[in-house]
Amino acid sequence: MNDTFHAFINEELEIEPISKGALSGRKFAVKDVFEVKGQVASAGNPDWLRTHKPSGIHAMVIQQLLHAGAKLKGMTITDELMYSLNGENYHYGTPRNPRAPGRIPGGSSSGSAVAVSAGLVDFALGTDTGGSVRVPAAYCGIYGIRPSHGAVPIDGVIPLAESFDTVGWFAQDSELLLRVGRQLIKQKHPTSSRPFSNLLFGTDAWDLVDIKSRSTLSVGINALLNTAERNEWVQIAEEGLMEWASCFRTLQGREIWNNHRKWINEVKPHFGPDIKERFEWASTLTETDQKKAEQQRIKVQSRLHELLGDDTLLIIPTTPGEAPFCQLSGEEIEKRRSQTMQLSCIAGLAGFPQVAIPLKNENGLPLSLSIIAGKKQDLRLLEWVYERRDIWASI
């Protein structure tokens, strides 16, 4: 494998399948935050790599995939401690976006998305806390899923913010996305046998789409409108999605600091400028901030449960538009990050599954539509997306 796209931090890593199964003959890569026996995950930072020991076991999801017949091939680059949506690693470099040259791949599962988009592996594992699978899937023109919180085992994964952390994955087609899901998702609660009969379109989410992306995404909306038994345009957040994103950032930041402050204070690691600023901000959050945000999260969860139940899907743009160019100024990239988090926080706060579906803009650059279902409806959602594969291909 010739990694001309700079997707891998360890291109030589190979683990053979344990047995034959539904994924026999398939190769997958993993983000540099998963435990692999005999390896040290760096979490995108040389000081983390230096201060941690090799793992004695595989992460549970890796074990599941090896038992299903898949072969592990390569460890992929991540943003530092998974605390970014850009994919530009200060220490290890930026994976090259195969579908949008010169533009960011999206983070923090940047390497995994690039490896799949470039065809270096069949599918890849990432993690998604605040959008770290959905955003790179959108920017690299592939499918990606953030599952329901707790639906996929996260044992053996370096934590970021535990009440939001999920294991997600990428694939170039909806069939393989579903096939991997059937191996990883073991639903603990019965799900409805009824079809998804109602589609909701969030007006406040669609207001965030930039002008040059609206035409293509409107085609996607119209294609779905023609297939729905019922559809409705609704305002998702009565308080405003900016308020929801602020709630998410506070809860996430508080958990991140609690998880990593001991290591940061002891090791004093060298972070890239953007990551350094985020950790400094997270360190200022108080218990009062957290309690206020937790009350807001309860209201958000109640609102989204009321909207979706078990027979309704919410349709939103995955990101406001195309991938930004690499090395934009701090102000420009933070504006896009803020807008993107207003979209990604919806499923994150609710703990709901979200699938990002690739579309192509009129200029050939990737765009993405997202489908959100109620909690624990993951497999039904993946099946729904797969059954409409002809629609996605026509947009």
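Me: Which residue stands opposite G168 in β6?

Reply: That is G126. Before we go on, note that this is a predicted model: local features need pLDDT of at least 70, side-chain atom pairs count only at pLDDT 80 or more, and totals for chains, interfaces and linings use all residues. Residues are numbered from 1 along each chain as its sequence is written, and side-chain values use heavy atoms, leaving out hydrogens and water.

Me: How many bridges join β2 to β3?

Reply: Four, and these strands run parallel; K31 has T76 in β3 as its partner. β3 also pairs with β1 over four bridges, this time antiparallel, with L72 in β3 as the partner of I15.

Me: What order do the strands of the open sheet have?

Reply: The eleven strands follow the order β1-β3-β2-β4-β6-β5-β10-β11-β9-β7-β8, with mixed pairing.

Me: Why are β1 and β8 called edge strands?

Reply: Each of them pairs on one side only. Across this sheet, neighbouring strands are turned by 25 degrees against each other on average, direction ignored.

Me: Why is N89 called buried?

Reply: Buried means under 20% relative accessible area, exposed means over 50%, and partly exposed lies in between (1.4 Å probe, protein chains only). N89 has 4%, so it counts as buried. This residue is found in the loop between β3 and α3.

Me: And S302: buried or partly exposed?

Reply: Partly exposed, because its relative accessibility is 46%. S302 lies in helix α10 (residues 287-308). Its C-alpha atom is 8.4 Å from that of A350, 48 residues apart along the chain.

Me: How do you know that the side chain of N89 reaches the backbone nitrogen of Y92?

Reply: A polar contact is a pair of N or O atoms within 3.5 Å; within protein, one must be able to donate a hydrogen and the other to accept it, and residues adjacent in sequence count only if both atoms are side-chain atoms. The distance to Y92 is 2.8 Å. A polar atom of the N89 side chain also lies 3.1 Å from the backbone oxygen of G44.

Me: What does N89 touch?

Reply: Contact means heavy atoms within 4.5 Å. Not counting residues up to four places away in sequence, N89 touches G44, I77, T78, D79, E80 and T94.

Me: Why is helix α3 called mostly covered?

Reply: Eight of its eight residues, 110-117, are buried. Among the elements they pack against are β1, β2, β3 and β4. Just after α3, G119 takes a positive phi of about 75 degrees.

Me: What makes both faces of β4 covered?

Reply: F123, L125 and T127 are buried on one side, and A124, G126 and D128 on the other.

Me: At what angle do helix α8 and helix α11 pack?

Reply: About 65 degrees, with their axes 8 Å apart. Axes are lines fitted to C-alpha atoms, for helices over the stretch in contact, and angles run from 0 to 180 degrees between N-to-C directions.

Me: What is the handedness of the crossing of α8 and α11: left-handed or right-handed?

Reply: Left-handed. That name is used if the near helix is turned anticlockwise from the far one by less than a right angle, while clockwise would be right-handed. W244 and F248 of α8 are among the residues that make the contact, with M341 and I346 among those of α11.

Note on methods:
Helices (H or I, at least four residues) and strands (E, at least two) are DSSP runs, numbered from the N terminus. Two strands pair if DSSP finds at least two bridges between them.
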